[in-house]
Protein chains: 2
Amino acid sequence: MEKLNKGLKVIHELSAVTMWPASVTPMAAQSDGSHGFWPEGFSSGAVDAGIKYSNRKDLMVITADRACSAAAVFTTNLCCAAPVLLSREHLQLSSFSVRALVCNSGNANAATGVKGMDDARAMAEAVARELAIKPEEVLVASTGVIGQLLPMDKVQSGIVSLPSSLQHDSVIDTAGAIMTTDTFPKFFTLEVRLSRGSIRLSGLGKGSGMICPNMATMLAFFTTDATIAPSLLQEALRYANCSSFNAITVDGDTSTNDMAAILASGTGPEIEADSEDYRLFCEALEALMIFLAKLIVIDGEGATKLVEVTVVGAADDRDAELAARTIAQSSLVKTAIHGEDANWGRVVASAGRSGAQFNQDDLELCFDNLVVLKPGFKADFSEEAASEIMAKSSYAITLRLGSGPGQARIWTCDLSKEYVDINGSYRS
Amino acid sequence: MEKLNKGLKVIHELSAVTMWPASVTPMAAQSDGSHGFWPEGFSSGAVDAGIKYSNRKDLMVITADRACSAAAVFTTNLCCAAPVLLSREHLQLSSFSVRALVCNSGNANAATGVKGMDDARAMAEAVARELAIKPEEVLVASTGVIGQLLPMDKVQSGIVSLPSSLQHDSVIDTAGAIMTTDTFPKFFTLEVRLSRGSIRLSGLGKGSGMICPNMATMLAFFTTDATIAPSLLQEALRYANCSSFNAITVDGDTSTNDMAAILASGTGPEIEADSEDYRLFCEALEALMIFLAKLIVIDGEGATKLVEVTVVGAADDRDAELAARTIAQSSLVKTAIHGEDANWGRVVASAGRSGAQFNQDDLELCFDNLVVLKPGFKADFSEEAASEIMAKSSYAITLRLGSGPGQARIWTCDLSKEYVDINGSYRS
């Protein structure tokens, strides 16, 4: 309850400062559960299967009343987990038509070899049996420690009791069940006004550590009642993913289990290719994904600050991303952010080693709107004003390279002693 | 004195477990100063100029009785410091013939624009004036905080008093004067038996934070009495640098001021190209540079452990280096090393995201000689035996990719809460 209240507070605050698209109405959940419900056609449930944690839910399922259009992006880590391999396979086998998604926390089922693949398959089969659907209509996801086999007896018993936990308004419970070192559940719903009526778009996610998604993401699941073809849904997901989950970092480690999936039930208005409605849908999905991505950074392991690193004026977007990512992942920048020290030298030093091309005399740097560095390394700013900005829980660092039109934006957090504490003993 | 004794203890211990080449006799300094002296033809001195620290030496000079062959490698960071730019220029202007090297700690003279370049030039000119040599015969190096102008009045007064501090056996003092967050001075001397007699090879270095040299190094200065042409000396330095300073990481941040330089006074036997003596010289220089590189990792900011990460069986050496570097720099691997947790899943997950190509089912992993993972993700090892290894202050992690003949070796340290403490407030 404490975690939930903390989460709701963070979510409400972030929503309040978010520039939502004009066609969107944000619908944050309340502690009484209102608005914590799914779009038409979806239910979810969660149980305490005792996989690793005690006295908390660690196994959840999202189900759809009918076959949904499905799309997903996955980690690019070569050591990808068994559920990632299986979910990829199921999307192909089912022709991107999905009825359920099952996910456990406490164990990643990664680096588990043939047995791990059998276990992931058994999870899908058990869910299919309980819901009277086909195994290939089930997506499987796992998160937790790497390199240990799932306690399949506990998982199987948990799955048997999942159907009786199914509810339309249990989103909060469901989001809580996929937490690992997260300190609060992350979920949000948007109502999106389209030309033929409104649709609803819900998302939940988890992050915390091993967060540096690459062409994919940590775990995040989305549902919508829109009617949309799988190929178009996949295109929208890929598009929105680039500027959201692929643009955050907690510790620079790309996970073995990253996965973002979206299910569209098709009970709401239809969205066609190249339409204005498709544009609005993409815009809303991107906004929701950026929102969840920020929540993940805010709740990064040991994190106390959310910092938006923007690089503009790069030779091209690739160079801008190199520089932004290097700054956002620098341990020295992240400890300075933690120490609230306006150590701008570390920011330019990170850009200098990033591989991006520029002339060091052209650099210009701002913390929020405070110019701390002008071209020619003229640093003449009020330390007091800088300290005021760095004391905030969220601010922006913007670096101008003076080399061209390229730009990129990455969200990062600080590096604290708690990160070391959490990760020195996570496995045991 | 406490720092010195700690340093001598660490240096003696590391030397005792080092496999020195057959032609080499290690000559560690003693606390009474014996062996802490330079090869024939060199002196050095250090003073307390009050640049940043109080009550400690922070400015030093190494001088040669006659013009030396000189070679150097520098940081590839685009935001390289003024002294890096100036030393590059001076090597060209003097045709690689150098008489002195001046270095300060407490201020990096980086990101300081035109004024910084003027200051570096003024340092060389002041040293040249005191020693009655040409400014271009002086190399300049700086280390410390980035983005602040040098207090040139203090630097100038310090340089005036440097000559009276010159001694043949003041290596310990000199190594101490370039420390920043280092906890002990780092220096070592080798005697190398060549076909026409012995030469001496001395080196001192500093590291601590912002350590991830790329095609260059942190600060390290070498002297020898060998007679060797500058071009050959440069070749030897580049060769030895690849497997030593370029193969270590503390925090993944490549500094703006990295520089390794070597001066050869030419009073000892001559070393010719393609000779057996040249091979022995390269071997000895590499051994000395690896020794200093390891000292730098041992003394990394907040570090408590030295871990050798080796990747073998990669498709090629580039892939092996990608994997080894990614493992060695992973915050999750480094915190697990700190927590003495045999979390092998993080090692394979790092390799998986590194960009190196392999099949995850082929992976094999050892901690020292303990096999913790066999192909097919068969992890069946004694946690007790693994814990024993991880409790040591130094051990090896070896990952076999099973893809080809490529291999690489990187030294790293753990990530501790002290690192966060040190870097949260370094500038102020």
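A: The model is predicted. In chain B, helix H2 covers residues 82-93 and helix H3 covers residues 113-131; the two pack with their axes 8 Å apart and at an angle of about 55°. The crossing in which H2(B) passes H3(B) is right-handed.

On the H2(B) side, the contact is made by B:Ala82, B:Pro83, B:Leu85, B:Leu86 and B:His90. H3(B) contributes B:Gly116, B:Met117, B:Asp119, B:Ala120, B:Arg121 and B:Ala124.

The next level is the contact between the chains. Chain A and chain B each put 53 residues into it. On the side of chain A that touches chain B, the elements giving two or more residues are helix H3 (113-131), helix H9 (331-338), helix H10 (344-353) and helix H12 (417-424) of chain A. H10(A) gives the most to this side, with nine residues. The residues of the side of chain A that touches chain B comprise 19 nonpolar, 25 polar and nine charged.

The two chains can also be compared as copies. Chain A is superposed on chain B by a rotation of 180° with 0.0 Å of shift along its axis, at an RMSD of 0.0 Å. The two copies are therefore related as by a two-fold rotation axis. A:Lys417 is the residue of chain A that comes closest to this axis, with its C-alpha at 2.4 Å. Both copies use the same surface, since 100% of the contact residues of chain A recur in chain B.

Within chain A there is a further division. The domain assignment gives domain 1 (2-298) and domain 2 (306-424) of chain A. Taken over C-alpha atoms, the centres of these two domains of chain A are separated by 31 Å. Eleven residues of domain 1 of chain A are in contact with ten residues of domain 2 of chain A. On the domain 1 side, strand S9 (248-249) and helix H7 (276-298) of chain A each supply at least two residues. H7(A) gives the most to that side, with four residues. The residues of the side of domain 1 of chain A that touches domain 2 of chain A are six nonpolar, four polar and one charged.

Key: Residues numbered from 1 in each chain as written. Chains lettered and ligands numbered in written order. Predicted model: local features only at pLDDT ≥ 70, side-chain atom pairs only at ≥ 80, totals over all residues. Axes fitted to C-alpha atoms, helices over the stretch in contact; angles between N-to-C directions. Left-handed = near helix turned anticlockwise from the far one by under 90°. Contact = placed C-beta atoms within 7 Å. Domains from an automatic or database assignment. Nonpolar A, V, L, I, M, F, W, Y, C, P; charged D, E, K, R; others polar. Least-squares fit on C-alpha atoms with pLDDT ≥ 70 in both.
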